[in-house]
Amino acid sequence: MKRTFPILAALAVAAAGGWYVFSGPDAVNNTQINPLAGAANAQTTEAADVDTSTIQDMKQGNAESAVQIVEYASFTCPHCAAFDQGPYKQLKADYIDTDKIGFTYREVYFDRYGLWASMVARCGGEEKFFGISDLIYKGQSEWVRAGEPAAIVDELRKIGRLAGIDGDTLEACLQDGAKAQTLVAWWEENQKADDITSTPSFIINGTKYSNMPYAEMKEIIDAALEN
């Protein structure tokens with residue numbers, strides 16, 4: 001019911017040509033690709049040297065509630081897609097839209113594709129993030145199997161345009177190498193701080209939980225609300 005992963009290394013850049021490698025489960029034989037020139041421009045930097053304060057947490061619900069949930073998920077994780085298309089919608093209707101809880105979504109980067117999807121989801125800002133995320137998860141089985149990396153990026157572009165992001169804005173987001181580097185460093189900080197080893201994972205009032213049925217999550221939330 002979950003996907004585990006190794007700690008990811010930062011983006012690496014070849015000396016010439018702007019091609020790059022993103023280490024992770026899909027980085028077979030360190031294959032070099034160049035679907036996103038911006039990501040290729042990211043410099044190899046220790047995470048500790050990157051200012052991650054510019055990365056915005058994506059939030060919904062009541063930030064002042066006594067119950068706060070943080071979800072860690074990857075756009076390429078099938079179980080995360082299943083949660084988004086099922087239990088999350090129940091959670092949103094029962095607790096988020098009714099301002100009973102606060103909810104934060106944090107991306108996990110298993111692979112370069114998840115990073116690119118995140119850059120598209122964040123391109124519309126907080127206002128459009130959750131709507132774009134829903135489209136990404138809804139179409140996950142199609143875009144992750146589009147073929148070559150460039151074809152996958154094209155499918156993600158289509159999702160961005162479907163969400164109302166104009167082409168120039170979308171390209172600027174996809175070409176933002178500094179943002180790509182910062183997102184990776186931000187994820188590494190979060191992973192270490194909350195000891196995230198699988199997705200989806202949930203931090204409910206400071207306690208970590210792995211993936212679970214919605215009924216079980218509901219019991220945990222209701223008990224916390226009563227305290």
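In the predicted model, D99 is partly exposed, with a relative accessible area of 46%. This aspartate is placed in the loop that connects helix 3 (87-96) with strand 6 (102-107), and its backbone adopts a positive phi of about 60° although D99 is not a glycine. A second residue with this kind of backbone geometry is D195, for which phi is near 55°, again a positive value in a residue other than glycine. D195 is located in the loop between helix 9 and strand 7, and, with a relative accessible area of 45%, D195 is likewise partly exposed. A further backbone feature is found at the peptide bond from T199 to P200, which is cis, with omega near -10°; P200 itself belongs to the loop between strand 7 (198-199) and strand 8 (201-204). As background to these assignments, most residues other than glycine have a negative phi, and most peptide bonds are trans.

With regard to the overall organisation, the protein chain comprises 10 helices and nine strands, and 50% of its 227 residues count as buried. When contacts between residues at least 6 apart in sequence are considered, 77% of them join residues at least 24 apart.

The largest nonpolar core contains 59 residues, and those with the most contacts inside this core are F75, L91 and W143. Helix 4 (residues 112-121) supplies the largest share of the core, namely seven residues. In soluble globular proteins, nonpolar side chains tend to be buried together. The surroundings of F75 can be described in detail: leaving aside neighbours within four places in sequence, F75 is in contact with Y105, E107, G114, A117, S118, A121, F129, S133, I136, Y137, Q140 and W143.

Helix 4 passes helix 9 in a right-handed crossing. On the side of helix 4, residues L115, S118 and M119 take part in the contact, where they meet A180, L183 and V184 of helix 9; by class, this contact of helix 4 with helix 9 consists of five nonpolar residues, one polar residue and no charged residues. K179 is also found in helix 9 (residues 177-194), and the C-alpha atoms of K179 and M119, which are 60 residues apart along the chain, are separated by 8.2 Å. K179 is partly exposed, since its relative accessible area is 28% and thus lies between the limits of 20% for buried and 50% for exposed residues.

The second pair is formed by helix 3 and helix 10 (residues 214-226), which pack at an angle of about 25°, with their axes 10 Å apart. Helix 3 and helix 10 are therefore roughly parallel to each other, as the limit for this class is an angle under 35 degrees, and their crossing is right-handed. In this contact, P87, Q90, L91, D94 and Y95 of helix 3 meet Y214, M217, K218, I221, D222 and L225 of helix 10, so that, by class, seven nonpolar, one polar and three charged residues are involved.

Conventions
Residues numbered from 1 in each chain as written. Predicted model: local features only at pLDDT ≥ 70, side-chain atom pairs only at ≥ 80, totals over all residues. Heavy atoms only, no water. Core = buried A, V, L, I, M, F, W, Y, C linked by side-chain atoms within 4.5 Å. Buried < 20%, exposed > 50% of the residue type's maximum accessible area, 1.4 Å probe, protein only. Helix = DSSP H or I, 4+ residues; strand = E, 2+ residues; numbered from the N terminus. Contact = heavy atoms within 4.5 Å. Left-handed = near helix turned anticlockwise from the far one by under 90°. Nonpolar A, V, L, I, M, F, W, Y, C, P; charged D, E, K, R; others polar. Axes fitted to C-alpha atoms, helices over the stretch in contact; angles between N-to-C directions. Parallel < 35°, antiparallel > 145°, perpendicular 65-115°, else oblique.
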